[in-house]
Amino acid sequence: MIKFVTAVAASLFFFAAPALAQDINNKFPGYRLEYNEEFSDPTTLDRNFNFENGYCRNHENQYYRRQNAVVEDGNLVIMAESGADEWTDRDNGVHMSFYSASVKSNRRFHYGIWETRAKAPIGSGLWPAIWGTGDSRGWPSAGEIDVMEYYGDNIHANVCWGDHWQYPIWESSLHHMSTFSPDFADVYHTWRMEWDHNSIRIYLDDRLLKEVKLSQTVNGDGYNPYRDENNKFDIWLNLAIGGDNGGDFSAISKAFYYIDYTRVYIPEDANAALTYRIHKAQQLLDNNPNASASRRNALSEAIDEARKFMGRDQDAIDGALDALQAAMDAFPAQAADELPIPLGRPFSLRHSYTGALLASGWFQAPEDEDTYAKNSLLVIDDNSLGGYNASFILDQAPAATAGFNLHTPDGQYVYRDRWYLLLKEAPTTDELNSPAFLFSAHAAGDGIVIRSAMDGKYFATDNNWFWSRVYGDKANDEKALFSINYIGNHPSGINPGEEYMLLHNYTGSLLSAGFFQADEDEDKWPKKSLLVIHPDDKENAVPYAQAFTFLYAPAAAPDHSYYNLRTSDGDYVYRDRWYLLVTDYEPSQAQLASEAFLFRPEAVGDGNIVIRGMLNWQDKFYFATDNNRSWSRMYGDKDPDEKAYFSIYKSGQTAIGDIAADNINVTTVPGGITVAHAGGPVSLDLYSLAGSKAASARTATLSTAGLPHGIYILCVTTPTASHRIKIRL
């Protein structure tokens, strides 16, 4: 049975105001407007909302109070302002230097459509949100839906429930501000959450940010907070400052968050979700009259098929919703000019959901399908790369407007046969122009999706070894997302088991391990940590400079594409909260296989790598710094972001820095460095980072024999000037 809000439960909401325009009341066919606040009457604010007071959560740096929320010009205006210096929550170690407001509706709902129009401030230190929690249990077991959070220069959409130990399980997505209009903070936007028995879908200006299937939102004890109609959710609107996620707020004095309206629509009957989805599909069809006849017919047939499920049981309706959405996602095909990668350049594809690589090789098909035991595309982990081709090239198909061909460097072309992805040598021109051989690649958040022209479906997998029956229907499904690495070095940028030095590209600093003194209010964290050692830091650099080794995580790890990161003296790196720390003990196998100890290096071109941490936000956060000495709160969430880039070189291998001037030519020779200058002889002095002279020469060659590995400064004196050149030994 569908669980929808009955007439008895309607007393929990405001009834729709009769003065509202008809298009607002009937905006979502299948649903009725049950509760709305247009913020046109200041007297309704205290009747319809409750207000938080004081310090509340997340180590945030604002004191919530009623007077920072006002109704003006048809908006709820939440103002954050500095000036709360007298407020300190010593129990939580938080100094609140801002006032702000957090308002919560005193009306609650379950299934339905929640729409809020707002103009949200963005920038470092700001954390505006539109969210709600359930009331049947404590958090997180009763659930949380974040229709909108902004922080870290990303828009977030999240759904949460609880595990066996009452820790939150998050289904989250983040969308970088670079993917939105530059005037984002200056205009109003509409956030919408559609919630039915089948799924929760969160939109921003009709752009789908996140979909979560409710078949997966099950707590550790079997309770599903999103399918219990007695578990009602409220509406929270707040503007936080700083805290765990907001970031540096030093540049903020005031910020304003404008909410134009918030509205809740609830199901009219058990067919509401299907009625609404059919309406959206019909709109899609009506708004694309120039789509091909075949695609229009396919969507029209899907709409007719969905109508047959009206009045059926909930499982049947859920299946009909999925089938209709699949048809909508495939219509119309995206334009080929959205291609997110350059043509003709080899690249590898790493599956974002499993971390596995897409490659070509032989597989044994099931016995009843022996005709498909062919050269096929495989899903492989990093431990089984040998013998397989993990490189692909995308080229324009012979017919210029038809799409693109995908092939391996050795000339085998990818095509689709039934639900298999196979390869063929030397196809004809007609074959290359046929739907079986045509693909398109499209940007999708931080990755790409690849679509087949045969039926508009996407590459996708649940980690099958071979790519049979693994075509996805939705571009926004994480199982269809790939990260793309251009070929030229190992896909992860490193060879496991070898030692490497890591140089931060943004600051020119060395990543090292050592002890630091944490902030006074966090004195429990003065542990052995990862440090950023600047080359000019003569006092602290030498004791901490060392190499790192990437090791495949133990077999117990959930994803073999992740590594353990170990220092040259045997200590392992792990993440605790937002710190990167180093053990003073030998971790257990279980610890090494846990999220806190798992990292993944990835090539980002020109010999650079980024390193992802797995804890909390899988595949989203990177090592990054603005040159802090200690690596606290220094996880970046941008890809690419130069602050997260490292150049990498093998420990013990001489490499030349990127500084050269005045016709100086620096090269390496066995056991030394040769410097040539067009204007005459040179004098050479080599200094360690600590400032002590390591070697000196009055000729063009300097011996480095016996020197420890690390970064040095080579001082070159020419007839015209002196130069400092950073080198790595």
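Pro140 sits in the loop that runs between strand E9 (126-133) and strand E10 (144-151), in what is a predicted model. The peptide bond that joins Trp139 to Pro140 is cis, with an omega of about 5°. Phe39 belongs to the loop between strand E1 (31-37) and helix H2 (44-48). As background to both details, most residues other than glycine have a negative phi, and most peptide bonds are trans.

From the loops we can turn to the helices. Two packed helices are described by the angle between their axes and the distance between the axes. For H4 and helix H6 (residues 314-329), the angle is about 15° and the axes lie 10 Å apart. Because angles under 35 degrees count as roughly parallel, H4 is roughly parallel to H6. H4 passes H6 in a left-handed crossing. On the H4 side, the contact is made by Ala273, Leu274, Arg277, Ile278, Lys280, Ala281 and Leu284, and these meet Ile317, Ala320, Leu321, Leu324, Gln325 and Met328 of H6. Sorted by class, the residues of this contact of H4 with H6 comprise ten nonpolar, one polar and two charged.

H4 also packs against helix H5 (residues 293-307), where the axes come within 10 Å and cross at roughly 165°. An angle over 145 degrees counts as roughly antiparallel, and H4 and H5 are therefore roughly antiparallel to each other. Their crossing is left-handed. H4 contributes Leu274, Ile278, Ala281, Gln282, Leu284 and Leu285 to this contact, while H5 contributes Arg296, Leu299, Ser300, Ile303, Ala306 and Arg307. The contact of H4 with H5 holds eight nonpolar, two polar and two charged residues.

The remaining pair to consider is H5 and H6, which pack at an angle of about 165° with their axes 9 Å apart, and H5 and H6 are therefore roughly antiparallel to each other. H5 passes H6 in a left-handed crossing. Here Leu299, Ala302, Ile303 and Ala306 of H5 meet Leu324, Ala327 and Met328 of H6. By class, the contact of H5 with H6 has seven nonpolar residues, with no polar and no charged ones.

A search of the whole structure finds two cavities of 30 Å³ or more, and the largest cavity holds about 50 Å³ of space. The largest cavity is lined by Tyr31, Gly112, Ile113, Glu194, Trp195, Asp196, Ala273, Tyr276 and Arg277. Strand E8 (112-119), strand E13 (189-195) and helix H4 (272-286) each supply at least two residues of that lining, and H4 gives the most, with three residues. By class, the lining has five nonpolar, one polar and three charged residues.

Conventions: Residues are numbered from 1 along each chain as its sequence is written. This is a predicted model: local features need pLDDT of at least 70, side-chain atom pairs count only at pLDDT 80 or more; totals for chains, interfaces and linings use all residues. Side-chain values use heavy atoms; hydrogens and water are left out. On a 1 Å grid over the protein atoms alone, a cavity is a set of points where a 1.4 Å probe fits but cannot get out, and a pocket is an open set with protein on both sides within 12 Å along at least five of seven lines; lining residues have an atom within 4 Å of a point. Grid points are joined across faces, edges and corners, and a volume is the space filled by probe spheres set on the points. Helices (H or I, at least four residues) and strands (E, at least two) are DSSP runs, numbered from the N terminus. Ala, Val, Leu, Ile, Met, Phe, Trp, Tyr, Cys and Pro count as nonpolar, Asp, Glu, Lys and Arg as charged, and the others, Gly among them, as polar. Axes are lines fitted to C-alpha atoms, for helices over the stretch in contact, and angles run from 0 to 180 degrees between N-to-C directions. Angles under 35 degrees count as roughly parallel, over 145 as roughly antiparallel, 65 to 115 as roughly perpendicular and the rest as oblique. A crossing is left-handed if the near helix is turned anticlockwise from the far one by less than a right angle, and right-handed if clockwise. Contact means heavy atoms within 4.5 Å.
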